[in-house]
Amino acid sequence: MRVLLIGANGYIGRFVADRLLADPAVQLTALGRGDDADVRFDLATGSPGALTRFLDAVHPGVVVNCAGATRGGARELTRHNTVAVATVCEALRRSGCGARLVQVGCSAEYGPSQPGSSTAEDAVPRPGGPYGVSKLAATELVLGSGLDAVVLRVFSPAGPGTPAGSPLGRLAEAMRRAMQSGDGELRLGGLGAQRDFIDVRDVARAVHAASLSAAQGVINIGSGRAVRLRDAAATLARVAGYGGALHELDGPPGALRPTIGHPRTESVGHRVDGLGHHRTDALGHHRPDPLGSRGERTDPEHAAPAPHPYPDGCGSWQQADVRTARDRLGWRPRIALEESLADIWMEAACRI
């Protein structure tokens with residue numbers, strides 16, 4: 001089976017490439033913007049006609065699209081997540097290769113869900129930000145293309161290679177800095193969100209299974225279990241051997257929080273020195289200074305509710321219903337979150 005992999009250098013794409021290369025029945029060709037791609041092509045700016053000519057020359061049986069952007073403004077996200085997929089779909093329609101398309105989507109397409117619920121594929125998508133909107137638009141393009149296609153909606157990927165700027169990556173980096181400096185206390189914010197973490201290697205297995213299957217439509221890829229980020233932090237501390245105290249800067253609604261003033265939404269990493277000026281917590285989330293704008297300490301009982309800083313626009317809860325993946329792909333997650341976190345920590349600990 002000849003497979004064309006788009007986005008082989010990305011977080012998920014690297015593990016998909018490894019998985020496909022391990023299959024002796026697969027001939028893999030990587031297409032991307034980097035110099036190490038077999039074929040250099042930018043989906044956001046390249047024409048469908050040019051991609052069609054390449055497809056006709058290579059004649060793949062499966063096209064896997066792992067490319068996309070997770071950060072940037074609405075225009076950039078639309079260009080890399082939506083326009084790029086439109087180019088792929090149009091090129092496949094024009095080509096005579098008849099390839100199957102496996103599109104890697106994202107749970108941010110669903111948006112916020114009811115706490116305690118599991119989100120199935122028939123849920124009405126209500127993305128809470130431009131990233132989710134751009135990915136949902138891509139999914140709709142794929143589903144309406146008339147192609148032999150499947151969209152894997154991946155929930156919160158974790159494990160080796162986790163980007164340092166992601167919530168789990170920032171958590172590991174904060175813990176590394178605390179251990180390196182001998183800090184016996186670690187103050188963390190944004191730990192109330194609950195997410196369905198799935199190891200990136202299990203995601204790669206799902207992509208491989210989808211490439212071999214005849215399944216179409218949308219299929220959720222997750223663990224089927226929501227985990228509170230504060231519990232993930234405690235697990236990470238255990239695997240890292242961090243014996244210090246973890247202090248949460250924002251607790252459940254109605255609970256008293258440490259005296260941190262009135263939270264506001266700011267860009268990640270924003271910092272200004274001085275009284276009453278803005279700082280970031282150990283996860284890179286914005287928080288005000290303990291002193292108010294006039295150097296006065298604010299009252300925690302009258303503080304505004306802390307926003308959810310988790311960056312996917314999905315509110316406080318997400319949990320996948322993964323029965324479709326089990327029934328139609330024969331896929332189940334294998335790697336426990338503790339192993340994923342141990343791998344994240346191993347990489348963070350090596351960054352000196």
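Just after helix H7, Gly241 takes a positive phi of about 75°; helices (H or I, at least four residues) and strands (E, at least two) are DSSP runs, numbered from the N terminus. This is a predicted model, where local features need pLDDT of at least 70, side-chain atom pairs count only at pLDDT 80 or more, and totals for chains, interfaces and linings use all residues. Residues are numbered from 1 along each chain as its sequence is written, and side-chain values use heavy atoms, with hydrogens and water left out.

**Helix H7**
- The 12 residues of H7 (residues 229-240) should span 16 Å, and the end C-alpha atoms are 16 Å apart, which agrees; the expected span is 1.5 Å times one less than the number of residues.
- Among the buried residues of H7 are Leu229, Leu236 and Ala240, where buried means under 20% relative accessible area (1.4 Å probe, protein chains only).

**The sheet**
- Seven strands form an open sheet with parallel pairing, in the order S3-S2-S1-S4-S5-S6-S11; two strands pair if DSSP finds at least two bridges between them.
- Strand S3 (39-40) and strand S11 (217-221) stand at the edges, each with a single partner strand, so one side of each is left without a neighbour in the sheet.
- Strand S2 (residues 27-32) runs parallel to S3, and two bridges join them.
- Which residue of S3 is the bridge partner of Leu31? The partner is Val39.

Definitions and conventions
Buried means under 20% relative accessible area, exposed over 50%, partly exposed in between (1.4 Å probe, protein chains only).
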